[in-house]
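Have the structure open beside you and follow along.

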Amino acid sequence: LHKTGTTSVQDQLHCNRECLQGEGILYPTSGLFGSQHALIPGSIIPKHFFLDRIPRSLCTTDYLEALSEEVERTSPQLVILSSEVFSEIAHNRVACLGMLNDLQRGFRSCSLLLTTRKAQELALSALKHSARERIEPWIQDPLGSYIKAFNSVRSLQAFWETAGFPIHLKSIDDDTSGNLTDHYFGDIIDNYSQHGRSCLALSRSDQEKNSKQKLNSDKLKASTYAILFLIGNSEKSYLLTRKPIFSMISKLVDSRRDDKSALDSISTQHLVGYLEHFRLHESLNDD
């Protein structure tokens with residue numbers, strides 16, 4: 001899933017390609033967009049905010065043939081593909097499962113690695129990213145986008161768990177000891193090569209070392225995001241939050257001071273609680 005430290009993991013796998021390939025573990029170049037294999041699932045998304053930055057094929061067969069040739073040329077024991085875009089196409093169940101069935105042909109077996117995170121924190125992280133990058137339509141309806149992201153986490157996890165493939169479920173919320181690559185892939189790679197696993201463990205990039213810290217740090221204060229998300233740009237979020245915003249924040253931070261001081265005291269944990277308050281409020285209205 002998005003926002004589960006995947007960029008750090010993909011960078012680590014990519015920069016250790018030669019070491020891994022020497023151990024019979026292939027992190028292919030076919031379908032790469034940066035350090036992830038986004039072009040393969042992205043081939044069934046005609047328009048994509050990030051992938052459209054480069055010329056790309058919308059024919060899945062082009063990438064699968066290139067992958068097949070690379071596998072035949074290198075004869076690996078294990079092939080690892082990684083991209084959050086696979087979860088983006090999961091909303092189209094037929095197309096996604098069709099691609100996975102095509103993808104697994106030629107391999108003795110195929111299994112899925114699902115990286116997860118607490119739904120509240122993942123939804124908040126996605127919303128923060130969208131606010132920083134000014135991604136539409138997320139910033140037009142912050143509360144609605146948060147609720148959508150929250151629900152998406154649960155539906156995606158349910159989809160992958162019932163997709164019919166053996167599944168490895170890994171949560172970033174568990175203790176990663178500062179090494180997400182080893183946390184996600186260690187037991188898988190160790191079945192093929194202990195040395196391959198040690199290469200990843202011993203040659204962590206600076207980005208890898210600080211991955212959990214980066215996930216939990218932010219240049220902007222939580223109170224800034226409270227204003228961005230909860231007042232937002234949309235008429236809906238404005239009307240919903242205009243009246244209770246300061247009193248709700250004061251209650252969350254247990255502050256009896258003036259509203260501005262309460263706003264300055266809000267933490268990310270308070271922000272999650274505030275967003276959850278309105279998510280539940282919306283859910284009750286829907287029922």
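The largest nonpolar core holds 43 residues, and those with the most contacts inside it are Phe86, Cys96, Leu100, Tyr146 and Trp160. A nonpolar core here is a set of buried Ala, Val, Leu, Ile, Met, Phe, Trp, Tyr and Cys residues joined through side-chain atoms within 4.5 Å. Buried means under 20% relative accessible area, exposed means over 50%, and partly exposed is in between, with a 1.4 Å probe and protein chains only. The model is predicted: local features need pLDDT of at least 70, side-chain atom pairs count only at pLDDT 80 or more, and totals for chains, interfaces and linings use all residues. Residues are numbered from 1 along each chain as its sequence is written, and side-chain values use heavy atoms, with hydrogens and water left out.

Phe86 touches Ile40, Pro41, Cys96, Met99, Leu100, Leu103 and Trp160, not counting residues up to four places away in sequence; contact means heavy atoms within 4.5 Å. Apart from this core lies another, of 15 residues, among them Val9, Ile80, Leu180 and Leu200. In soluble globular proteins, nonpolar side chains tend to be buried together.

Next come the aromatic rings. A pair of rings is described by the distance of the centres and the angle of the planes. Rings of Phe, Tyr and Trp (its six-membered ring) pair if their centres lie within 6.5 Å; planes under 30 degrees apart count as stacked, over 60 as edge-to-face and the rest as tilted. By this rule there are 2 aromatic pairs:

| Pair | Distance of centres | Angle of planes | Type |
|---|---|---|---|
| Phe49 and Phe50 | 4.8 Å | 90° | edge-to-face |
| Phe159 and Trp160 | 4.9 Å | 75° | edge-to-face |

Phe49 is partly exposed at 48% relative accessibility, and Phe50 is partly exposed at 27%. Phe159 and Trp160, in contrast, are both buried.

How many disulfides does a search of the whole structure find? The search finds 1 disulfide, where a disulfide is a pair of cysteine sulfur atoms within 2.5 Å. Cys19 and Cys199 form it, with their sulfur atoms 2.3 Å apart. The torsion about their S-S bond is about 85°, so the disulfide is right-handed. Cys19 lies in helix α2 (residues 17-22) and Cys199 in helix α10 (residues 194-202), so the pair ties together parts that are 180 residues apart in sequence. Cys19 is partly exposed, with a relative accessible area of 23%, whereas Cys199 is buried, at 12%.

Finally, consider a lysine. Is Lys170 buried or exposed? Lys170 is buried, because its relative accessible area is 16%. This residue is found in strand β4 (residues 167-171). The side chain of Lys170 makes a polar contact with the side chain of Asp187 (3.2 Å). A polar contact is a pair of N or O atoms within 3.5 Å; within protein, one must be able to donate a hydrogen and the other to accept it, and residues adjacent in sequence count only if both atoms are side-chain atoms.

Terms used: Helix = DSSP H or I, 4+ residues; strand = E, 2+ residues; numbered from the N terminus.
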